[in-house]
Amino acid sequence: MIKYTCKNCNITTELSECPHCGERTEIVNSTIYWCKFCNIPTFAEHCPICGSKGKRIGSDIRPVFPQERLLLEILLDCPLKYKNSSVWNTAGNYYYADGEKLPFTASQTKDVDADYIRAQLKLYEVQNQNTAFEAVIEKFLLANRKRYENITDEATRFIRKMAESYDTTEMYVSFSGGKDSTVVSSLVMRALCTEEILHIYGDTTLEFPETEAYVTRFRKAYPKTPVLTSRNKDKNFEELCEQLGPPSRVMRWCCTIFKTGAIQRKITSLFRRKKRILTFFGIRRSESVSRSKYDRESDSPKIAIQKTVSPIIDWLDFDIWLYLLTTGIDFNTAYRLGYTRVGCWCCPNNSAWSGFMSRVYMPEQYERFRNLLIDFAKKIGKPDPEVYVDDGNWRARQGGNGLEYAKSSVITFEPCALQENTLNFELQKPITEELYELFKPFGYINYDLGNARLGEVYVLDKDGTLLLKLQGKIGSKTLKVSILNKKAGHCKSIKAVEDKVKCQITKYQMCMGCLGCESACSNGAINIQTDHTGLLSYKIADHKCVRCGLCIGHYDGGCYMRKVMTIKRS
């Protein structure tokens with residue numbers, strides 16, 4: 001049972017909408033009960049099958065499929081012991097068999113021989129039948145039928161309400177191949193009575209093999225459903241790890257480069273003639289602390305015409321599996337193996353349990369990535385590279401110390417002694433025409449007013465007011481920037497203009513085509529391209545740019561990569 005609270009009315013309810021004011025409520029807590037007579041988890045405190053009062057087993061729960069159960073049994077040195085048991089996993093990654101907690105933690109897998117585990121899985125594979133599991137699930141679905149009907153009915157009503165003024169050509173499902181987006185996909189097609197809803201699959205290039213296989217199956221199962229793939233074809237993950245270092249929990253540059261940027265580019269391309277877009281997401285509040293603050297519906301901060309809705313935002317894992325198993329729809333087989341999340345297989349946010357399973361089920365990919373991590377650890381001078389990697393310390397890495405590329409995050413400048421409000425910059429890359437693109441958010445570039453032989457270029461306001469003067473010859477690394485008006489970049493002081501100028505200089509030095517700026521522009525004015533030789537092109541369309549300047553300060557220091565690569569200056 002889930003309890004919600006309405007802050008407006010100061011009441012507790014069992015509904016995700018306040019029965020008094022109709023506003024969204026917030027989850028206070030959730031409780032899943034265990035019926036010892038029926039040997040299953042129930043949402044209701046009293047078992048709907050036998051009527052007995054259940055005992056709290058956790059705040060959330062998921063079924064353990066036979067494949068994961070066998071893996072668990074091998075780790076406990078008792079293959080097939082729980083073959084006929086009702087095995088579940090609760091929040092906190094605790095395993096229960098017939099309501100009794102099993103003596104296992106993911107930390108026990110650190111030194112386990114993955115080759116031995118694979119051999120044991122193969123040895124017992126034929127004997128690992130599904131019969132008992134299917135009987136347990138059948139009873140689980142029967143006991144929780146009311147919960148299934150309630151959440152499904154509420155979600156479909158919400159979807160219909162959100163979509164009532166939209167045409168099918170104005171909406172799409174954000175599809176990852178994971179269980180949550182699979183449920184949302186099913187609910188949307190069910191609620192709107194059509195399979196002809198666009199799906200955009202974000203291929204990060206780091207997907208599980210099971211995810212790729214599932215997306216292929218999905219396309220075959222729903223031939224009327226257009227499934228388009230967004231993918232950053234210009235970048236290679238391993239090459240970027242060499243340049244930037246592997247991503248960590250606090251520096252997940254991979255998300256910006258391989259996910260957000262690519263998806264936003266695809267959306268902009270597909271819906272450029274639309275005045276509005278409705279996007280269905282499979283985000284749930286129970287997934288993480290950051291997502292617990294998400295709204296069920298909101299306007300996109302990046303695409304002005306986009307409205308995003310999350311129909312299952314309050315669902316538990318319990319609810320997700322209740323829906324999948326009740327409807328019988330196909331889902332990603334990685335969950336049968338024991339993975340709880342199926343984003344990028346080598347994500348630094350993955351659990352120790354997930355990492356262990358990758359050792360077992362993806363040995364070649366795992367070893368290749370481990371060697372990459374060890375090489376990186378050696379490069380930055382870690383005394384025990386293997387320990388640094390195997391203990392997971394790479395996941396907590398911060399900054400770009402030890403990396404050559406990180407040096408570009410340092411801006412070298414000094415005030416001009418002869419001219420007021422003027423800074424002399426020593427750049428780390430020669431001046432090209434690309435530099436002037438980065439000053440378009442301040443105003444309009446004018447090449448005619450300045451002395452071409454001195455490399456003078458002016459930035460003007462729309463009414464012709466002089467804002468900035470740039471002086472630097474093409475091919476030179478010396479740039480002089482004179483601030484002619486404190487209102488440049490919508491600022492209120494010379495110091496504020498200086499800070500924004502530094503942001504753009506940082507961006508010029510550090511840009512490696514991560515697509516962060518392109519995604520941040522709600523007007524679609526920024527276009528970033530990388531050709532087959534690696535040459536970068538950063539363009540801002542004059543007719544689309546409204547000179548709001550938001551792209552300048554969207555990231556601290558002007559560039560997303562600066563945050564990732566910040567180093568200590570000596």
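Arginine 118 counts as partly exposed, because its relative accessibility is 25% (buried means under 20% relative accessible area, exposed over 50%, and partly exposed in between, with a 1.4 Å probe and protein chains only). The structure is a predicted model, in which local features need pLDDT of at least 70 and side-chain atom pairs count only at pLDDT 80 or more, while totals for chains, interfaces and linings use all residues. Residues are numbered from 1 along each chain as its sequence is written, and side-chain values use heavy atoms, with hydrogens and water left out.

Arginine 118 has a charged partner. Aspartate 115 forms a salt bridge with arginine 118, and the closest N and O atoms are 2.0 Å apart (a salt bridge is a side-chain nitrogen of Lys or Arg within 4 Å of a carboxyl oxygen of Asp or Glu). Side chains of opposite charge can pair when their charged atoms come close. Both aspartate 115 and arginine 118 belong to helix 2 (residues 114-124), where they sit 3 residues apart, about one turn of the helix (helices, H or I with at least four residues, and strands, E with at least two, are DSSP runs numbered from the N terminus). Aspartate 115 counts as exposed, because its relative accessibility is 51%.

Across the whole structure, the search finds 27 salt bridges. About one helical turn separates glutamate 367 from arginine 370, because they are 3 residues apart in helix 12. Glutamate 367 is partly exposed, with a relative accessible area of 36%, whereas arginine 370 counts as buried at 19% relative accessibility. Elsewhere, salt bridges that share partners join Glu437, Lys440, Asp542 and Arg547 into one network.

Another salt bridge brings together glutamate 238 and arginine 368, with 2.6 Å from N to O. This pair links distant parts of the chain, since glutamate 238 is in helix 7 (residues 237-244) and arginine 368 is in helix 12 (residues 363-379), 130 residues apart. Glutamate 238 counts as partly exposed at 32% relative accessibility, and arginine 368 counts as exposed at 53%.

How do these two helices meet? Helix 7 and helix 12 pack at an angle of about 15°, with their axes 10 Å apart (axes are lines fitted to C-alpha atoms, for helices over the stretch in contact, and angles run from 0 to 180 degrees between N-to-C directions). Helix 7 is therefore roughly parallel to helix 12 (angles under 35 degrees count as roughly parallel). The contact involves Phe237, Glu238, Cys241 and Glu242 of helix 7, together with Arg368, Phe369, Leu372 and Lys379 of helix 12 (contact means heavy atoms within 4.5 Å).

Turning to the strands, strand 22 (residues 478-483) is mostly covered, with 5 of its 6 residues buried. Strand 22 pairs with strand 18 (residues 422-426) in the antiparallel sense over 5 bridges (two strands pair if DSSP finds at least two bridges between them). Within this pairing, asparagine 424 has lysine 480 of strand 22 as its bridge partner. Strand 22 also runs antiparallel to strand 21 (residues 466-471), and 4 bridges join them. Here the bridge partner of leucine 468 is isoleucine 483 in strand 22. Strand 21 and strand 22 form a hairpin with 6 residues between them, and glycine 475 in the turn has a positive phi of about 95°.

Notes
Parallel < 35°, antiparallel > 145°, perpendicular 65-115°, else oblique.
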